Amino acid sequence: MTTAQDNYVLDLANNRRGRALNRMCGSLRHAVNREEFSADEAVYCDAYGLSPEQKRAVLERDWTAMLDLGASIFYTYKLAMLDKLSMQYLGGVFTGMSVEEFAAAMRSGGRKLG
Amino acid sequence: MAEVVWGLATSHVPSIGAAMDNHKTADPYWKPLFDGYAPAREWMAAHRPDVAVIIYNDHANAVDLDLVPTFAIGTAARYEVADEGWGRRPVPPVVGAPELSEHLVRELMDEEFDIATFHELDVDHGLTVPLSVYCPEPGDAWPCAVVPVLVNVIQYPQPTAARCYALGKAMGRAIRSFPQDVRVAVFGTGGMSHQLAGARAGLINSEFDRMFLRAIEAEPAKLAALSREDYIREAGTEGIELIMWLVMRGALSEHITRVHDTYHVPASNTAAALALFEEVRA
């Protein structure tokens, strides 16, 4: 849908693919679920029917793999926040930078097109 | 009869709310952004509306991906502040305007917009950050009632920019036909360069942002003609949030003046902007 190959566009196919993962991450908006997740992450993932690949990506905090498996950034961000990781940290992960490098790139006007 | 008195376009980046909640607005990182807001805030404080119609999107807090309404209106008397995964923002609950909500739903349906309704809705940063941009220190209550208007900008395909602009025009007519004498402000929220995921994360296209910021006043039809792909390419995947500014612009008339605007990079991973327009009374 766009010539950029590095967009993660949440279309209907990705929504189907990522449904269990996004539902699991979305559930973390409730404090009681955050506690339950932290008590046993693997069991919690199984309760939401994550695929083995999705479960691995969550347990290993492989943020890019989560996107490849249908995650929406607005859902996985709740998992990052549970880990006390910022969106700038994630930006660094996606672009191969440390959080400090990514933040510095943003402060200097952001990353450019092309 | 009701009247539309002003329109505010503003980013709703969560970290802007967090900066206010954690008293960091004077920090060197945030000070330029909040200094940019100051003249608009002063003007708005002197021009308080009775109701704010706030066009925004939920961010995985009240709307599940299992059911994604393209356009929805909150019809409740009260909206709680959402826990987005890190506790609720320490801001007051939002008081609704259910009679105006009902009127808008009916009028917009009559104009052939298919509107979903929320009788219960926890409002997230998409709505509460714009309220904080308008009124940084609300105390125990926000200074106006609110009608939340939700637009799907998260799951593809989103509504077109043209459809959002048309919705705004119908919204303006609907507000002006409300029989009570209330002063209504319309907020279009979100937007400016926004690329959160993937290899383009952190994309900032200031040239496009500034073009949009200029054109929203006098050339909205030009912005309404842009495709989803245009927005995603130029402003980033989440930059498509800009279509919500067009709902606000559509609700205003042709006769507006710009009170103030400001543009700032960065707010966390994105650009941020504010533009305030006053309706010129005939």
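Because the model is predicted, local features need pLDDT of at least 70 and side-chain atom pairs count only at pLDDT 80 or more, whereas totals for chains, interfaces and linings use all residues. Residues are numbered from 1 along each chain as its sequence is written, chains are lettered from A in the order in which they are written, and side-chain values use heavy atoms, with hydrogens and water left out.

The interface is described first by its contacts. In chain B, 38 residues are in contact with 38 residues of chain A, contact being defined as heavy atoms within 4.5 Å. The size of an interface is often given as the accessible area lost when the parts come together. For chain B and chain A this buried area (the accessible area, with a 1.4 Å probe, that two parts lose on being put together, summed over both) is about 3600 Å², and 59% of it lies on carbon and sulfur atoms. Of the area that chain B buries against chain A, 15% is supplied by B:Ala60, B:Leu65 and B:Tyr156, more than by any other three residues.

The side of chain B that touches chain A receives two or more residues from helix H8 (228-235) and from strand S9 (256-267) of chain B, helices (H or I, at least four residues) and strands (E, at least two) being DSSP runs numbered from the N terminus. H8(B) gives the most to this side, with 4 residues.

The interface of chain B and chain A holds 3 salt bridges, a salt bridge being a side-chain nitrogen of Lys or Arg within 4 Å of a carboxyl oxygen of Asp or Glu. In one of these, B:Asp64 is paired with A:Arg29, and the closest N and O atoms are 3.6 Å apart. Over all chains, the count comes to 17 salt bridges.

Within chain A, helix H2 (residues 19-27) is largely enclosed by the rest of the structure, because 7 of its 9 residues are buried (buried means under 20% relative accessible area, exposed over 50%, and partly exposed in between, with a 1.4 Å probe and protein chains only). The buried residues of H2(A), among them A:Leu21, A:Met24 and A:Cys25, pack against helices including H3 (31-39) and H7 (73-82) of chain A.

Salt bridges also occur within each chain. A:Glu41 forms a salt bridge with A:Arg61, with 2.9 Å between the closest N and O atoms, and A:Glu41 is partly exposed, at a relative accessible area of 22%. In another pair, the side chains of A:Arg56 and A:Glu60 meet at 2.6 Å, N to O; A:Arg56 is partly exposed at 35% relative accessibility, whereas A:Glu60 is exposed at 53%. In chain B, the side chains of B:Glu217 and B:Arg258 meet in a salt bridge at 2.8 Å, N to O. B:Glu217 lies in helix H6 (residues 206-218) and B:Arg258 in strand S9 of chain B, so this pair ties together parts that are 41 residues apart in sequence.
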